[in-house]
Amino acid sequence: GNCVQNGCNANGDASQDGTVNVSDIIMVVNHIIGSSTLSDSAFCSSDINGDESINVTDIIAIVNIIIGM
């Protein structure tokens, strides 16, 4: 979850606003469905499991961060 890879913190904060919330999930969903593309830093922050792919696994991990699991 919160490991630093390539100088980035994979913390779920796709919007890079310092808070992990539903707006981050929306950005990640939009990236997955192709309606928008995450910046490199947003991609890195959203790739919670570090598999270099943004998918539903990362969404679940971000939800778990938000609800405090």
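Trainee: What average pLDDT does the protein have, and what share of the residues score at least 70?

Mentor: This is a predicted model, where local features need pLDDT of at least 70, side-chain atom pairs count only at pLDDT 80 or more, and totals for chains, interfaces and linings use all residues. Residues are numbered from 1 along each chain as its sequence is written, and side-chain values use heavy atoms, with hydrogens and water left out. pLDDT is the predictor's confidence in each residue, from 0 to 100. The protein averages 91, and the share scoring at least 70 is 90%.

Trainee: Where is confidence lowest, and where is it highest?

Mentor: Helices (H or I, at least four residues) and strands (E, at least two) are DSSP runs, numbered from the N terminus. Where pLDDT is low, the predicted coordinates should not be read in detail. The lowest mean is 50, in strand 1 (residues 4-5), and the highest is 97, in helix 1 (residues 22-33).

Trainee: Which pattern does the protein follow along the sequence?

Mentor: Count the elements. The protein has three helices and two strands. Read along the sequence, they give β-β-α-α-α.

Trainee: How much of the protein is buried?

Mentor: Buried means under 20% relative accessible area, exposed over 50%, and partly exposed in between (1.4 Å probe, protein chains only). The protein has 69 residues, and the buried share is 30%.

Trainee: Which residues form the disulfide?

Mentor: A disulfide is a covalent bond between the sulfur atoms of two cysteines. The cut-off used is a pair of cysteine sulfur atoms within 2.5 Å. The structure holds one. Its sulfur atoms are 1.7 Å apart, and the pair is Cys8 and Cys44.

Trainee: Why is the disulfide left-handed, and how far apart in sequence are the parts tied together?

Mentor: The torsion about the S-S bond of Cys8 and Cys44 is about -105°, so the disulfide is left-handed. Cys8 lies in strand 2 (residues 8-9) and Cys44 in helix 2 (residues 40-46), so the parts tied together are separated in sequence by 36 residues.

Trainee: Which side chain does Ser45 contact?

Mentor: Ser45 sits in helix 2. Its relative accessibility is 6%, so Ser45 counts as buried. A polar contact is a pair of N or O atoms within 3.5 Å; within protein, one must be able to donate a hydrogen and the other to accept it, and residues adjacent in sequence count only if both atoms are side-chain atoms. Ser45 makes such a contact through its side chain, at 2.9 Å, with the side chain of Gln16.

Trainee: What is the phi of Gln16?

Mentor: Gln16 belongs to the loop between strand 2 and helix 1. At 41% relative accessibility, Gln16 counts as partly exposed. Its phi is positive, in a residue other than glycine, with a value near 60°.

Trainee: Where does Glu52 lie, and what is its phi?

Mentor: Glu52 lies in the loop between helix 2 and helix 3. Its relative accessibility is 71%, so Glu52 counts as exposed. Glu52 is a residue other than glycine with a positive phi, near 60°.

Trainee: Which backbone oxygen lies 2.7 Å from a polar atom of the Ser46 side chain?

Mentor: Ser46 is in helix 2. At 0% relative accessibility, Ser46 counts as buried. The backbone oxygen 2.7 Å from a polar atom of its side chain belongs to Ala42.

Trainee: How far is the backbone nitrogen of Ala42 from a polar atom of the Ser39 side chain?

Mentor: Ser39 lies in the loop between helix 1 and helix 2. Its relative accessibility is 40%, so Ser39 counts as partly exposed. From the backbone nitrogen of Ala42 to a polar atom of the Ser39 side chain is 3.1 Å.

Trainee: How far apart in space are Thr37 and Met27?

Mentor: Thr37 is also a loop residue, between helix 1 and helix 2. At 68% relative accessibility, Thr37 counts as exposed. Thr37 and Met27 are 10 residues apart in sequence, and their C-alpha to C-alpha distance is 8.4 Å.
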